[in-house]
Amino acid sequence: MKFLGIIPARYASTRFPAKPLAMLDGKTVIQRVYEQVAGVLNDAYVATDDERIEAVVKAFGGKVVMTSVNHKSGTDRCYEAYTKIGGDFDIVVNIQGDEPFIQPSQLEAVKACFDDVTTQIATLVKPFMPDNGFEALENINSPKVVLNKNMNALYFSRSIIPYQRNAEKQDWLKNHTYYKHIGLYAYRAGVLKEITSLPQSSLELAESLEQLRWLENGYTIKAGVTEVETIGIDTPQDLEKAEEFLKTC
């Protein structure tokens, strides 16, 4: 199978404008993401709607494709980029442009999901550890996912699922393995075309989680598991945390 990596990157972010171009220890965030991905997949492109990002990617030697300013999601941007890039790729991998520490092992875990010929969409999860504490588990910005025995997603939620009715909350992480969803997706090319034509669903609107649209429409999402912690950059404060993290690497 041939894997195409696409890194959607918008300039206009509500919480952190120009985030892809923010500097992280001498390199832009988007360059760090691109360098982590290049070489692991058969090919990789940044998909952007802004000429400033396009210029920066070209300057560091990366591949970039311009896409519409009207996309509502990274998935839609990925599909337009895929149609423009062309080629005989079987799988399109959507890598968030604010994950500068994504690891090759995490990409390999998602790629391995397609060893199962029934896999339509793949994503990545990481177990919450007891030492993360209950505060991390209840963080609504860290979606949780429940998996079946075949590692397919049953549901994603910003709430804590499952709810342990007969246990004290401080014991929940000891009693059960909760999975944190990491927003890395991969789609069979034909499936990507299909899901971009789906209207928003009621579950998606309720939780503000795009992947629920796919589940609600009957698609399966297989999860690869990683033990590697990632630091996504959503705010300027996250960038400061990333700078500190780099010092420990």
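This is a predicted model: local features need pLDDT of at least 70, side-chain atom pairs count only at pLDDT 80 or more; totals for chains, interfaces and linings use all residues.

Colleague: Which helix does Glu-80 lie in?

Modeller: Helix 3, residues 74-85.

Colleague: And is Glu-80 buried or exposed?

Modeller: Buried. Its relative accessible area is 16%, and the cut-off for buried is under 20%.

Colleague: What does the Glu-80 side chain make a polar contact with?

Modeller: The side chain of Lys-84, at 3.0 Å. The Lys-84 and Glu-80 pair also counts as a salt bridge, 3.0 Å from N to O.

Colleague: How are Lys-84 and Glu-80 placed in helix 3?

Modeller: They are four residues apart, so about one helical turn separates them. Lys-84 is partly exposed, at 48% relative accessibility.

Colleague: How many salt bridges does the structure hold?

Modeller: 16. One of them joins the side chains of Lys-19 and Asp-98, at 3.1 Å from N to O. That pair links distant parts of the chain, 79 residues apart. Lys-19 sits in the loop between strand 1 (3-9) and strand 2 (23-24). Asp-98 sits in the loop between strand 6 and helix 4 (104-112).

Colleague: Lys-19 and Asp-98: buried or exposed?

Modeller: Both count as buried. Lys-19 has 13% relative accessibility, and Asp-98 has 7%.

Colleague: Which residues are linked with them in a network of salt bridges?

Modeller: Asp-234 joins Lys-19 and Asp-98 in that network.

Colleague: What about Glu-54 and Lys-58?

Modeller: Their side chains form a salt bridge too, 3.4 Å from N to O. They are four residues apart in helix 2 (residues 51-59), so about one helical turn lies between them. Lys-58 is exposed, at 53% relative accessible area.

Colleague: Switching topic. What domains does the assignment give?

Modeller: Domain 1 covers 1-101, and domain 2 covers 103-181 + 198-229. Their centres, taken over C-alpha atoms, are 24 Å apart.

Colleague: How many residues are in contact between domain 1 and domain 2?

Modeller: Twelve from domain 1 and nine from domain 2. The area buried between the two is about 1000 Å², with 63% of it from carbon and sulfur atoms.

Colleague: Which residues of domain 1 lose the most area to domain 2?

Modeller: Phe-3, Val-40 and Phe-101, which together give 39% of what that side buries.

Colleague: How many salt bridges and polar contacts across that interface?

Modeller: Zero salt bridges by the rule. Four residue pairs are in polar contact. On the domain 1 side, helix 1 (29-37) and strand 6 (91-94) are the elements that give two or more residues. By class, that side has nine nonpolar, three polar and no charged residues.

Colleague: Back to helix 1. How many of its residues are buried?

Modeller: Seven of nine, so helix 1 is largely enclosed by the rest of the structure. Among the buried ones are Gln-31 and Arg-32. Gly-39 follows helix 1, with a positive phi near 100°.

Colleague: Last one, Val-191. Where is its place?

Modeller: In helix 7, residues 189-195. Val-191 is buried, at 9% relative accessible area. Setting aside neighbours within four places in sequence, Val-191 is in contact with Gln-120, Ile-121 and Tyr-219. The C-alpha atoms of Val-191 and Ile-91 are 9.4 Å apart, though 100 residues separate them along the chain.

How values were computed:
Residues are numbered from 1 along each chain as its sequence is written. Side-chain values use heavy atoms; hydrogens and water are left out. Domain bounds come from an automatic or database domain assignment. Contact means heavy atoms within 4.5 Å. Buried area is the accessible area (1.4 Å probe) that two parts lose on being put together, summed over both. A salt bridge is a side-chain nitrogen of Lys or Arg within 4 Å of a carboxyl oxygen of Asp or Glu. A polar contact is a pair of N or O atoms within 3.5 Å; within protein, one must be able to donate a hydrogen and the other to accept it, and residues adjacent in sequence count only if both atoms are side-chain atoms. Ala, Val, Leu, Ile, Met, Phe, Trp, Tyr, Cys and Pro count as nonpolar, Asp, Glu, Lys and Arg as charged, and the others, Gly among them, as polar. Buried means under 20% relative accessible area, exposed over 50%, partly exposed in between (1.4 Å probe, protein chains only).
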